[in-house]
Amino acid sequence: MDDIDRRLIALLQEDATVSYATLGKGAGLSAGAAHERVRKLRERGVIRRTTVEVDPAALDRGVLAFVMVDSTAWMGESADAFAAIAEIQEAHVIAGSASVLVKVRTATTGQLQDVLRRLYAIEGVSGTQATVSLETFFERPVSPLPG
């Protein structure tokens with residue numbers, strides 16, 4: 001991946017709906033060259049998908065919690081069980097005192113409690129510790145640019 005690819009990615013992260021002409025102009029390329037580079041980035045799996053960023057509160061998902069999941073066994077093969085819980089936005093196998101860290105969004109703390117119950121139903125889960133976020137300062141995508 002070169003600096004032009006990184007610039008294209010940065011431009012797409014700002015606005016994924018931008019035209020290839022505008023994208024090319026921002027990266028010093030023609031529209032066709034920008035289109036071809038983006039196509040290759042998709043083929044290589046660098047660009048996984050194109051999506052929109054939505055305000056969670058507008059979708060009645062204003063409760064954000066990070067849950068540390070304890071286990072009695074290795075959880076690395078449990079991705080599908082975590083993915084089956086729709087309220088879980090992210091799940092990570094981690095090092096430390098817990099085995100898995102999940103990011104959960106719900107409408108109410110009652111719904112969060114229900115998610116915690118469903119987590120306990122996953123084979124090997126022995127405990128949870130939830131931390132509810134009161135305010136999000138910022139969330140950002142991974143930067144393709146150095147530093």
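## Lining of the largest pocket

In this predicted model, the lining of the largest pocket contains 20 nonpolar, seven polar and 15 charged residues. The lining is made up of 42 residues, and those nearest the centre of the pocket are Arg49, Thr51, Val52, Glu53 and Pro141. The volume of the largest pocket is about 1,900 Å³.

Several helices and strands take part in this lining. At least two residues each come from helix H1 (3-14), helix H2 (20-27), helix H3 (31-43), strand E2 (88-93) and strand E3 (100-106).

## Helix H1 against helix H2

Two packed helices are described by the angle between their axes and the distance between the axes. For H1 and H2, the angle is about 130° and the axes are 9 Å apart. H1 is therefore oblique to H2. Their crossing is right-handed.

On the H1 side, the contact involves Ile4, Arg7, Leu8, Leu11 and Leu12, while H2 contributes Leu23, Gly26 and Ala27. By class, six residues of this contact are nonpolar, one is polar and one is charged.

## Helix H1 against helix H3

H1 also packs with H3: the two axes cross at roughly 90° and come within 11 Å. H1 is therefore roughly perpendicular to H3, since angles of 65 to 115 degrees count as such.

Here H1 uses Ile4, Asp5, Leu8, Ile9 and Leu12, and H3 supplies Ala34, Arg37, Val38 and Leu41. Seven residues of the contact of H1 with H3 are nonpolar, none are polar and two are charged.

Definitions and conventions. Residues are numbered from 1 along each chain as its sequence is written. This is a predicted model: local features need pLDDT of at least 70, side-chain atom pairs count only at pLDDT 80 or more; totals for chains, interfaces and linings use all residues. Side-chain values use heavy atoms; hydrogens and water are left out. On a 1 Å grid over the protein atoms alone, a cavity is a set of points where a 1.4 Å probe fits but cannot get out, and a pocket is an open set with protein on both sides within 12 Å along at least five of seven lines; lining residues have an atom within 4 Å of a point. Grid points are joined across faces, edges and corners, and a volume is the space filled by probe spheres set on the points. Helices (H or I, at least four residues) and strands (E, at least two) are DSSP runs, numbered from the N terminus. Ala, Val, Leu, Ile, Met, Phe, Trp, Tyr, Cys and Pro count as nonpolar, Asp, Glu, Lys and Arg as charged, and the others, Gly among them, as polar. Axes are lines fitted to C-alpha atoms, for helices over the stretch in contact, and angles run from 0 to 180 degrees between N-to-C directions. Angles under 35 degrees count as roughly parallel, over 145 as roughly antiparallel, 65 to 115 as roughly perpendicular and the rest as oblique. A crossing is left-handed if the near helix is turned anticlockwise from the far one by less than a right angle, and right-handed if clockwise. Contact means heavy atoms within 4.5 Å.
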